[in-house]
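Dear colleague,

Please find the structure below, handed over for your study.

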There are 2 protein chains.
Amino acid sequence: MARELQHGATIWDVARRAGVSITTVSHSLNGKGNISQATRERVRAVAAEMGYVADAMARGLRSSKMNAIGLVFRSLDSLGNYGPNGVDVFMKLAGAAASETLNRNLGLMLVPDLSRGPLPPFSMSLDGYIVFAPHLDDPVVALLEKRGIPYVTWDRDPGRPDFRNWVAHNDAASTRTVLDHLAAAGARSIAYVGGTDRNAWNFDCEAAYVAWCLETGAEPRIYHVPERDGVEGGQEVGGRILADGLPGAVFCLTGRHASGAAQALQERGVRIPGDLLVCTGSDSEHSRQHKPPISALDVDIPAAAAALVQRLCEVMEGASEPEPVLLAARFLHRKSTSPVKGRTKPRPGS
Amino acid sequence: MARELQHGATIWDVARRAGVSITTVSHSLNGKGNISQATRERVRAVAAEMGYVADAMARGLRSSKMNAIGLVFRSLDSLGNYGPNGVDVFMKLAGAAASETLNRNLGLMLVPDLSRGPLPPFSMSLDGYIVFAPHLDDPVVALLEKRGIPYVTWDRDPGRPDFRNWVAHNDAASTRTVLDHLAAAGARSIAYVGGTDRNAWNFDCEAAYVAWCLETGAEPRIYHVPERDGVEGGQEVGGRILADGLPGAVFCLTGRHASGAAQALQERGVRIPGDLLVCTGSDSEHSRQHKPPISALDVDIPAAAAALVQRLCEVMEGASEPEPVLLAARFLHRKSTSPVKGRTKPRPGS
DNA sequence: GTACGGAACAAAAACGTTTTTGTGTAGCTG
DNA sequence: CAGCTACACAAAAACGTTTTTGTTCCGTAC
């Protein structure tokens, strides 16, 4: 009994103590089979009293369901660093996904990178995967595909237009929202600063920017900064932008680039929002804490996590692939893009 | 063959194709048993060609090793919110722990909260746990203890002085470092702002503060703000501190409180570091991005993760419990605690 | 020539479930 | 009362490994 109460209480122990067979125990606990209500309740009581929890591996082996899914951050992998400052989207998503999976009684496993090194022992047994921001020809996606493991992605897979199990923001619409907002706030020309990762976010936002310029007759000014360069990369591009002639506004996809660029420009005398509007496509501590706070597109993380897990569960249950899920990003209007009365001419540079 | 190459290649398939028994396959791949070198290599080649990976659950069932550990953030649980802004320690630690466990071919599972709701199916089968910041009489710790599941904690368990499998900063020493630094920078009186979670961090830092005051003859001024109140809580306590008379320095344990307090005080005309020095016990985006940047104690996250995983592995292998691991926090000296020449008298308040 | 021993492998048990199939009893029908 | 059904439960198979125990073959010692 002492033994039973601790670590290894098995279905046999419960059966013996309840005076029934293991079949009856299993059926009672899982609400299956044909068991009288009285027996069912008695067995449940005994199991609860013993603190019996079915061994996850035995159950998984039998039913070939692991009851856990994997989460892999491709963009973090490409950063080569699992603790980049200010990329708090990841933690939020991991946390939100964890509580979302818990609601469905699933576990969530963090899997750094499947494409290099020996495979973590569990990785190929998981029931499904959430792949965050797959890049072009992503080997992780290829592996999952080859193994026939269900997966969903955040952001579409840029190389596989036929794949539809993804959830993302409507990047084209969001980009337009930002650009329209900047134009309405008085910006004549708008520079665009994107990243260099070859993922859909970068592709789609840039395409939307180019299209918007075409429509409005604006001259596109596009800069690229590697994601991994972070705030320093933003500072550097700020210098380049100033050297090329100050535009009316800058739209930086990542919050760290926006913060760095704004900082570099402010240090050289550019007033924000007086001389220049700044906006970012990805809210973070950097944009919130900047002086002035930088307007941003914001991900509704819980909604994203919910949609991803929901879709993954559907896929795991073999649902026919419906349309991708498009979420709307919220636009957070902050001081950095407030129209200023009596707007002055840009002072430094051009 | 087509079947074998995809999802369900089992040890039988490998055995059949290699013309041996499953025993031989198992032994060959695991480097056990008495197998001729030639056979061993042939089997390995066949397995590799078929992309065979032993089923984690079958293996786990047999060897009662899950090859995965759980990570549970108690302080996040108490925040009731898995995406708190600026608490980036968590993501960093999760990421660092994930890559650390991967190096040992272990999986890392995120487990939100074991003490409420139905248990996640896997939680009781994991090989071990890392519990981040357990609080007093923590039910999660109690559960693990009852189940006999090995675990280590970040921060000691405040209610169990005999438990020694923990890794933490030397909070007493760190607190002294900060206070000495503030005093050396010219602060006569130093106010202390702690959290309300009943964990070792709060207890030990406050105790060290009190002891330091006793030694130096300073008058203790202690404030408490709930962790969950974040920046707003910091702003509120900033007002209280001002009302009670401006001290020479404020030491806020959490970065969000520090940022809020500094902000509230600055808005009321207090100059930092001119009139007041501010320092925090936990670096975050808030402290880094504040104007001026706030001095902080910084966790070496990769080192912490490495120590935790290392210790957990030792415990899982049944090592006799050695001493706890004490890491040194780095002190990041920033503008907010720079001595100012010709220090002025505090202006507002007292 | 029988006995012994080791090398190289195979057979079978075990891990703890879930699920399929079996079994016995009771009640009902004709 | 034979035969059928429904009910409540038990026995056994299966899941894919690892590990323990066998088995075969062959060389060598007595």
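In this predicted model, a polar side-chain atom of Ser36(A) lies 3.1 Å from a phosphate oxygen of DNA strand D. A phosphate oxygen of DNA strand D also lies 2.5 Å from a backbone N or O atom of Ser21(A). From chain B, Tyr52(B) places a polar side-chain atom 2.9 Å from a sugar or linking oxygen of DNA strand D.

Around DNA strand D there are 25 residues, and those that come nearest are Ser21(A), Thr23(A), Thr24(A), Thr39(A) and Ile11(B). Of the atoms of DNA strand D within 4 Å of the protein, 57% belong to sugar or phosphate, and the rest belong to bases.

DNA strand C is surrounded by 24 residues, of which the closest are Ile11(A), Ser26(A), Arg62(A), Ser21(B) and Thr23(B). Sugar and phosphate make up 56% of the atoms of DNA strand C that come within 4 Å of the protein. A base is contacted as well: a base oxygen of DNA strand C is 2.7 Å from an N or O atom in the side chain of Arg62(A). Phosphate oxygens of DNA strand C lie 2.6 Å from a backbone N or O atom of Ser21(B) and 2.8 Å from a polar side-chain atom of Thr24(B). For the surface near DNA strand C, the largest share, five residues, comes from helix 3 of chain A.

Yours sincerely

How values were computed:
Residues numbered from 1 in each chain as written. Chains lettered and ligands numbered in written order. Predicted model: local features only at pLDDT ≥ 70, side-chain atom pairs only at ≥ 80, totals over all residues. Heavy atoms only, no water. Near = heavy atom within 4 Å. Polar contact = N/O pair within 3.5 Å; in protein donor to acceptor, adjacent residues only side chain to side chain. Helix = DSSP H or I, 4+ residues; strand = E, 2+ residues; numbered from the N terminus.
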